[in-house]
Amino acid sequence: IKGAAASVGGEALRAVAFVMERAARNGDLELAKASMQDLDTQFGHLRQSLEQCAWDTAGVGGELRNED
């Protein structure tokens, strides 16, 4: 999740995924679980931003929509 988010400018989503990964690695599964809502929220924000940039987020391979 971290890499995919970072590759499309989703810094907030990448940051939440990093916290979750670090928490799980340290055995803090409660923190990882508690971060799920934030992960979902940040994913929604990123998806909305990508859709506003005319990305076809439902398509395979991130194809750009032709608006013509």
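Reply: Start with a term we will need: a residue is buried when its relative accessible area is under 20%, exposed when that area is over 50%, and partly exposed in between. Arg47, with a relative accessible area of 35%, is therefore partly exposed. Keep in mind that this is a predicted model.

Me: How many helices and strands does the protein chain have?

Reply: The protein chain has four helices and zero strands. Read from the N terminus, the order of elements is α-α-α-α. Of the 68 residues in the chain, 21% count as buried.

Me: What is the mean pLDDT of the protein chain, and which of its elements has the lowest mean?

Reply: Here is the general idea. Where pLDDT is low, the predicted coordinates should not be read in detail. In this case the chain has a mean pLDDT of 85, and 78% of its residues reach 70 or more. Among the elements, α1 has the lowest mean, 91, while α2 has the highest, 96.

Me: How is the length of a helix checked? Take α4 as the case: what should its residues span?

Reply: The expected span is 1.5 Å times one less than the number of residues. Helix α4 covers residues 36-52, which is 17 residues, so it should span 24 Å; the C-alpha atoms at its ends are 24 Å apart, in agreement. Helix α2 can be treated likewise. With 15 residues, α2 reaches 21 Å from its first C-alpha to its last, close to the 21 Å expected.

Me: Which residues of α2 are buried?

Reply: They are Leu13, Val16, Ala17, Met20 and Ala23. Seen down the axis of α2, these buried residues fall within an arc of 125°, so they line one face of the helix. An α-helix has 3.6 residues a turn, so residues three or four places apart point the same way. The cover over the buried residues of α2 includes α1 (2-7), α3 (29-34) and α4.

Me: What follows α2?

Reply: Gly27 follows α2, and its phi is positive, near 80°.

Me: Back to α4, then. Which of its residues are buried, and which are exposed on the other side?

Reply: Leu39, Gln42, Leu46 and Leu50 are buried in α4. Looking down the axis of α4, you find its buried residues within an arc of 75°, so they line one face of the helix. Gln37 and Gln52 are exposed on the other side of α4. Among what covers the buried residues of α4 is α2 (11-25).

Me: Why does Gln42 count as buried, and which residues does it touch?

Reply: Gln42 has a relative accessible area of 18%. The cut-off for buried is under 20%, so Gln42 counts as buried. Leaving aside residues up to four places away in sequence, Gln42 touches Ala12, Leu13 and Val16.

Me: Now the charged side chains. How many salt bridges are there?

Reply: First the general idea. Side chains of opposite charge can pair when their charged atoms come close. Here the count comes to four salt bridges. In one of them the side chains of Lys2 and Glu21 meet, at 2.9 Å from N to O. That pair links distant parts of the chain, with Lys2 in helix α1 and Glu21 in helix α2, 19 residues apart.

Me: Where else does Glu21 form a salt bridge?

Reply: Glu21 also forms a salt bridge with Arg25, and the closest N and O atoms are 3.1 Å apart. Glu21 and Arg25 are four residues apart in helix α2, so about one helical turn separates them. As for accessibility, Lys2 is partly exposed at 25%, Glu21 is partly exposed at 31%, and Arg25 is exposed at 63%.

Me: What about Arg47, which you began with? Which residue is its partner?

Reply: Arg47 forms a salt bridge with Glu51, with the closest N and O atoms 3.1 Å apart. Both residues lie in helix α4, four residues apart, about one turn of the helix. Glu51 is partly exposed, with a relative accessible area of 37%. Elsewhere, salt bridges that share partners join Lys2, Glu21 and Arg25 into one network.

Key: Residues are numbered from 1 along each chain as its sequence is written. Side-chain values use heavy atoms; hydrogens and water are left out. Helices (H or I, at least four residues) and strands (E, at least two) are DSSP runs, numbered from the N terminus. Buried means under 20% relative accessible area, exposed over 50%, partly exposed in between (1.4 Å probe, protein chains only). The arc is that of the directions from the helix axis to the C-beta atoms. Contact means heavy atoms within 4.5 Å. pLDDT is the predictor's confidence in each residue, from 0 to 100.
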